[in-house]
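Work through the exercises below with the sequence and the structure open. Try each task before reading its solution.

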Amino acid sequence: MFKTYFKIAIRCLLKNKVFSAINILGLSIGIAVCFIISLFVQEELSYDRFNTRANDIYRIEFNANINGGKINESNVMPPVAQALQKDYPEVKEVTRLRTLGKPHIWINEKQFDGSSLVYVDSNFFNVFTIPLIQGNAKTALLHPHSLVISKELAQSFFGREDPIGKLIKFSKKNDIPPFTVTGVFDKIPSNSHFHFDIFGSMITDPDAVSDSWLTSSYYTYAVLQKGYNHKKLEAKLPGMVEKYMGPQIKQHMGLTLEQFRTKGNSIGFKLQPLTAIHLHGDSNTELEARGDIRYIYIFSAVAIFMLLIACINFINLSTAGAVKRAKEVGIRKVMGSRKQELVKQFLLESLLITVIALFIAAILVQLALPLFNELSGKTLVFGFQLKPLAALTLLGLLVSILAGMYPAFFLSSFKPIATLKGKFTTHNSTYNIRSGLIVFQFFIAICLITGTIVVYKQMQFIQNIKLGYNKDQLLVIDNSWALGNKERTFRDLLLNDPRVENVTVSGYRPAGPSFFNNALAYPEGRQNEFMNTLEYRIDERYIPTLGIQMAMGRNFSPSMPTDSLAMIINETAAKAFGFGNNAIGKKIFREHGDQGQHLGYTIIGVVKDFHFRSLHEAITPLLMVLQPETGLIIKVKTKDVQGLLASMKKQWQTFNTVDAFSWSFMDELYNKTYTAEQKTGRILNIFTILTILVACMGLFGLTTYTAEQRAKEIGIRKVLGASVTQVTSMLSKQFIKLVIIACIIAFPLSYWVMNQWLLDFAYRIHLNVWMFAGAGVIAILIALCTVSVQAIKAALANPVKAIRSE
């Protein structure tokens with residue numbers, strides 16, 4: 001019996017080649033997109049779950065609101081770990097991590113660069129599941145100047161030699177004792193929220209034993225009792241603030257904790273589950289770029305809807321073509337076929353189409369994954385492994401049942417007498433279901449088109465917004481600190497180059513990696529009104545080099561010794577301190593040194609607000625002082641940038657530094673800030689096009705069926721004088737009407753979703769009517785073009801052929 005079913009299924013596919021192709025291709029694209037997104041979502045949701053204690057590990061984060069200035073940091077004070085372990089018995093273990101960048105490494109007088117170094121507590125490898133392939137995880141970091149390095153580094157540094165016991169230096173001058181390699185780890189999984197090459201013993205760091213509760217540098221992780229509700233511990237943490245932080249706030253600010261809070265300030269800690277860091281983290285000091293749970297929801301919805309659209313095509317084309325198979329069903333029922341047997345037949349046809357679609361989908365996934373990886377920054381792999389293939393097969397079976405169930409029961413329910421007499425007609429309910437499914441398809445397509453338009457406009461807004469500084473033609477020297485005391489000499493050489501307009505010495509950059517310095521400050525006479533601000537330490541050339549505009553007052557001047565205690569603030573700071581337009585001459589005090597002294601600075605100028613952070617964040621109070629630190633930013637005034645760079649490289653090499661000349665452009669650093677949004681926009685564009693393609697394929701098939709069903713009607717109308725335009729309009733308007741209904745439903749939901757997305761940007765576009773109207777017009781035009789192709793073909797057909805059997 002199965003063999004017979006299979007033969008009939010093959011014949012039906014070959015007999016209806018166009019519709020079989022539409023179904024197979026639509027399902028192939030739907031399954032492929034769904035599977036790729038599933039791989040992406042699975043990867044994102046799996047972050048940090050490789051740790052055996054993942055469900056019991058929590059990161060301690062610091063949150064504060066000081067006079068309207070919000071602090072949200074994932075690194076905390078050195079003594080937090082000890083206080084947690086000492087005062088809270090539900091905390092079983094605590095470990096810390098402190099980042100140290102990518103220092104120079106010397107091994108036998110040979111230099112290596114580009115490896116990231118962190119200090120960690122000796123129990124770090126007991127908390128996190130990073131197995132050592134050499135060395136003892138429990139003792140490797142017990143002693144000062146001990147290191148655990150990656151297998152890749154071990155091979156790079158020592159080749160085939162045993163790395164254990166080897167010495168690594170972080171200073172060529174021997175002013176820092178060498179470190180000993182005590183362990184080697186294989187590789188940190190890609191789905192970890194941190195990746196480092198070298199782990200050093202925390203006991204080496206003198207600041208690790210500091211008792212300061214006012215400086216944050218340590219990422220701290222606590223392991224709680226198995227199954228313990230972390231919210232209970234979080235509710236107890238204000239007690240830790242009272243006990244340890246309160247006295248130091250009083251010492252440095254002259255305020256009790258109660259007085260501090262009555263002024264509208266808040267300060268405290270919260271616990272972030274380890275498995276939530278990647279997708280739900282919201283601090284501004286993350287170890288790596290994090291994901292976004294909202295994009296998981298968006299892409300998951302796209303995957304489900306894409307698959308549904310492909311299934312809807314199958315259902316619509318199967319039910320619309322019911323007339324062609326009505327007599328077949330009638331004859332088979334008269335010959336004794338039962339309904340169950342017919343259902344099996346039609347489900348087998350659905351399964352056959354799905355199996356063919358699965359093979360094509362597997363090929364599409366293999367071909368599309370490299371492109372998706374490039375767009376998303378992932379390294380997803382499909383391969384012919386058991387789990388992915390099993391998942392793909394299950395997905396195919398689900399699609400087969402989902403798409404084939406309704407057509408199977410619908411076709412097998414025909415009355416044999418009516419069908420054999422040629423009196424078969426589809427019910428209005430069937431037409432309504434089909435119409436509803438078309439509306440749903442285009443509802444999804446219109447939502448995606450609207451989303452694509454909004455994302456594009458926001459990215460365009462980001463590119464064109466007035467930043468308050470000129471990011472163009474700014475060259476940043478990434479590692480000018482390597483020149484040491486020759487940095488100023490290099491700057492002077494550049495200033496003498498006619499291709500260079502200006503050069504400033506500062507590591508504080510409004511885009512890309514930058515020095516970061518929070519400063520608690522208050523206006524003269526109002527010591528109890530501390531405000532959290534950002535401090536830039538710059539020279540007198542910083543403002544003109546970046547093209548920042550003065551709102552009032554003057555810039556720093558090297559000819560005025562008093563400028564060492566002068567300050568320039570931004571307009572937001574002037575408003576926040578209550579100075580308004582009378583800021584010049586006012587004094588601002590900020591903490592100086594470790595003993596709680598407060599140093600006063602006289603305001604000599606106010607700059608117009610400029611964006612020194614991502615557009616996701618509002619401009620906050622900024623203080624600028626004349627205390628230049630290392631770093632070079634160069635304003636170029638030549639089109640021969642490559643020639644200038646070659647010249648700079650030559651000059652750099654004359655200083656005999658071991659570091660290679662490294663540079664980047666400010667506008668490129670700015671663009672990298674929005675890489676996640678740009679990638680999402682590009683991926684959304686592709687999915688939108690594919691969704692529209694699959695929806696239009698179904699619409700094309702339905703138009704073809706409609707034209708075939710109404711062939712005699714069209715022939716008669718043409719004989720009676722109907723024009724091609726009238727016939728085309730008659731066939732098109734019922735579908736266009738459905739697309740318009742889809743627009744009306746899609747617009748409110750699109751508005752809400754995209755408005756929520758835009759709320760994440762402090763500076764954003766406004767949603768305009770034309771964006772939604774444009775999406776609607778695009779959808780209608782696409783549908784009209786799709787329908788018109790087949791409608792015009794039907795209208796141009798010879799009417800004699802259609803009505804000659806009457």
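A salt bridge is a side-chain nitrogen of Lys or Arg within 4 Å of a carboxyl oxygen of Asp or Glu. The model is predicted, so local features need pLDDT of at least 70 and side-chain atom pairs count only at pLDDT 80 or more, while totals for chains, interfaces and linings use all residues. Residues are numbered from 1 along each chain as its sequence is written, and side-chain values use heavy atoms, with hydrogens and water left out.

**Exercise 1. Salt bridges**

Task: State how many salt bridges the structure holds, then describe the one between E286 and R59.

Solution. 

Step 1. The count is 18 salt bridges.

Step 2. In the pair E286 and R59, the closest N and O atoms are 3.0 Å apart.

Step 3. E286 sits in the loop between helix 8 (277–280) and helix 9 (293–320), and R59 sits in strand 1 (residues 57–66), so the pair ties together parts that are 227 residues apart in sequence.

Step 4. Check the cover. Buried means under 20% relative accessible area, exposed means over 50%, and partly exposed lies in between (1.4 Å probe, protein chains only). Both E286 and R59 are buried.

Step 5. Look for further partners. A network of salt bridges links R59, E61, K270 and E286.

**Exercise 2. Two more pairs**

Task: Describe the salt bridge of R98 and D205, then that of R488 and E487.

Solution. 

Step 1. The side chains of R98 and D205 form a salt bridge with an N to O distance of 2.9 Å. R98 belongs to strand 3 (residues 91–99), and D205 to the loop between strand 11 (198–201) and strand 12 (219–224); the two are 107 residues apart.

Step 2. R98 has a relative accessible area of 17% and is buried. D205 is also buried, at 6%.

Step 3. Between R488 and E487, the closest N and O atoms are 3.6 Å apart. R488 is partly exposed at 31% relative accessibility, whereas E487 is buried at 3%.

**Exercise 3. The surroundings of R96**

Task: Find where R96 lies, and which backbone oxygens lie by its side chain.

Solution. 

Step 1. R96 is part of strand 3. Its relative accessible area is 9%, so it is buried.

Step 2. Apply the rule for a polar contact: a pair of N or O atoms within 3.5 Å, where within protein one must be able to donate a hydrogen and the other to accept it, and residues adjacent in sequence count only if both atoms are side-chain atoms. A polar atom of the R96 side chain lies 3.1 Å from the backbone oxygen of P78. For the backbone oxygen of A208, the distance to a polar atom of the R96 side chain is 2.9 Å.

Step 3. List contacts, meaning heavy atoms within 4.5 Å. Leaving out residues up to four places away in sequence, R96 touches residues including Y119, D121, F124, M202 and Y218.

**Exercise 4. Cysteines**

Task: Count the disulfides and examine C447.

Solution. 

Step 1. A disulfide is a pair of cysteine sulfur atoms within 2.5 Å. The structure holds zero disulfides.

Step 2. C447 is in no disulfide, and the nearest cysteine sulfur, that of C743, is 9.9 Å away.

**Exercise 5. Positive phi**

Task: Locate D48 and Q473, and give the phi of D48 and of Q473.

Solution. 

Step 1. D48 is not a glycine, yet it has a positive phi of about 70°. D48 lies in the loop between helix 2 (17–45) and strand 1, and is buried at 1% relative accessibility.

Step 2. Q473, also not a glycine, has a positive phi of about 60°. Q473 lies in the loop between helix 14 (428–464) and strand 14 (474–477), and counts as partly exposed at 36%.

**Exercise 6. A residue in helix 20**

Task: Describe the place and the contacts of I692.

Solution. 

Step 1. I692 is in helix 20 (residues 675–709) and is buried, with a relative accessible area of 15%.

Step 2. I692 and F442 are 250 residues apart in sequence, while their C-alpha atoms are 7.9 Å apart in space.

Step 3. Not counting residues up to four places away in sequence, I692 touches A445, I449 and I782.

Note on methods: Helices (H or I, at least four residues) and strands (E, at least two) are DSSP runs, numbered from the N terminus.
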